[in-house]
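Work through the exercises below with the sequence and the 3D structure in view. Try each task before reading its solution.

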Amino acid sequence: MKTYYVWPLGCQTNKSDGERVATVLERLGYHRVHDESNANVIAVIACAIRQSAVDRIYGKFRQWEQRQQAGDLTTILTGCVLPHDKQKLTPKFDLVFDIEDLPRLPLLLAQTTVEETVNLRDKMEYFDIEPLHNSAFRAWVPIAKGCDKFCTYCAVPYTRGRERSRPSTDIITEVKKYIERGYKDIHLLGQNVNSYGLDKPGQELRFAELLTAVAQLEGDFWIRFHAPHPRDFTADVIAAIANYPKLCKQINLPAQSGNNQLLRRMNRPYTREKYLALIDAIKAGIPNVSLSTDIIVGFCGETDEQFQDSKTLMEYVKYDMAFIAQYSVRPGTVAARRFTDDVPVAEKKQREQTLTAVLKRTFQENQLPRLGQTHRVLVEKYSKDHWLGRNEHQVTIEFQAPADAPLVGTFQNIKLNSVEPFRFVGIIQ
Ligand code: SAH
Ligand code: SF4
Ligand code: F3S
């Protein structure tokens, strides 16, 4: 039996791409294994966002080398790889391909390994390949590729290319299909989802219209999206989320920094004041909204005073969640060429801890008034001795029920009894 293992690093886009890579490998007769040491093919869907993600790949080579040499293992690399890393990684892999060439993977594999049959008819957009979902209730749906924003610290524009919107008819058809199959948690994906359609003015729906179209589909499901950008977050998007119950009242709005000089150096096209005005508009327009953010600490030249602006921004907004990252130089980006990575690692770590402490506080403050409420929870899994699910805000909720109860992928009402960072404990109603 020929076996494969898909290893997606990084964000949901990669998880989604990994599900499409799995489809192609299954069509070639490979069977999925959950332990990479039993796999004949390992497909790495790489992430370039931080050096640590790249280092995890380098860390595998010794393990793989012997098996590759013995002919037991074929390794494939795709996903986000910076040109700088591509040079070094390519000789270590049997096959490196651009994810947009996924329909050609059978052909490419046939050229590297032995005796594969090739289906040359497979010349289609890679989004048209039906993903092999890892989950029975959560589905990722890419709505756009690439990124044109060129934030100075970021690898993505160099790994994912220019921003292009996928046809809305394809997106809506795909969402409909998943809903009919019983999927409950649909995630629309793109690097700047709210720029959707702007690359095809007059010919394509705008983001708010796309949201409205999917929110009007029949069925019992939730819709979420990642990642919006503060720039094109228009009033009609806020109105759509407020008006349609199927659009989750949960928004991750990356701030990256609370300091205007830093924002400029990052090439983020807004000021602290504009960002906060947008937050105020979202809070006013969407009652009971849950907010989260991405923040980078220790970006080039960030002084302690400038860092304090990120802290006070977080205190003001009172996020439920924040993805706080220590700045990591990405070779080839504007920041790598023009600025100096001069904040010591220990200081970056300290700043990250400071912001994490703020987040813990604001999370508790936001959730305490919710104790005693009953929330609709999408149940995900039984883990050790309890069940886990998430509410519309994507906050984890733990509860008790028999381990063999058929709860995975169902909505349940859970009464919230206690809260700790970052989860509730509740009772099934
Ligand atoms: N397109 C999205 C998210 C992109 S990547 C957006 O603009 O918000 C996810 C997050 O990784 C970013 O929001 C940023 O906080 C973080 N990130 C990107 N490049 C980084 C780097 N060089 N070092 C540390 N964190 C980084
Ligand atoms: Fe990176 Fe900025 Fe594009 Fe987000 S918007 S993917 S942070 S360049
Ligand atoms: Fe990483 Fe690429 Fe996503 S760089 S965060 S996998 S878009």
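A salt bridge is a side-chain nitrogen of Lys or Arg within 4 Å of a carboxyl oxygen of Asp or Glu. The model is predicted, so local features need pLDDT of at least 70 and side-chain atom pairs count only at pLDDT 80 or more, while totals for chains, interfaces and linings use all residues. Residues are numbered from 1 along each chain as its sequence is written, chains are lettered from A and ligands numbered from 1 in the order in which they are written, and side-chain values use heavy atoms, with hydrogens and water left out.

**Exercise 1. Find how many salt bridges the structure holds, and examine the one formed by Glu100.**

Step 1. The structure holds 26 salt bridges.

Step 2. Glu100 is paired with Arg164, and their closest N and O atoms are 3.0 Å apart.

Step 3. This pair links distant parts of the chain: Glu100 is in the loop between β5 and α5 (105-112), whereas Arg164 is in strand β8 (residues 164-165), 64 residues apart. Helices (H or I, at least four residues) and strands (E, at least two) are DSSP runs, numbered from the N terminus.

**Exercise 2. Give the strand order of the open sheet of five strands, and explain why β2 and β5 each have one side without a neighbour.**

Step 1. The order is β2-β1-β3-β4-β5, with parallel pairing. Two strands pair if DSSP finds at least two bridges between them.

Step 2. β2 (31-32) and β5 (95-96) stand at the edges with a single partner strand each, so one side of each has no neighbour in the sheet.

Step 3. Inside this order, β3 (residues 41-46) and β4 (residues 74-79) pair in the parallel sense over six bridges. Ile42 has Thr75 in β4 as its bridge partner.

**Exercise 3. Describe the interface of domain 2 and domain 4.**

Step 1. Locate the parts: domain 2 spans 135-245 and domain 4 spans 371-428. These bounds come from an automatic or database domain assignment.

Step 2. Count the contacts (heavy atoms within 4.5 Å). Nine residues of domain 2 touch 11 residues of domain 4.

Step 3. Take the buried area, which is the accessible area (1.4 Å probe) that two parts lose on being put together, summed over both. The two domains bury about 930 Å², 61% of it on carbon and sulfur atoms. Phe137, Trp222 and Arg224 supply 59% of the area that domain 2 buries against domain 4, more than any other three residues.

Step 4. Across this interface the rule finds two salt bridges.
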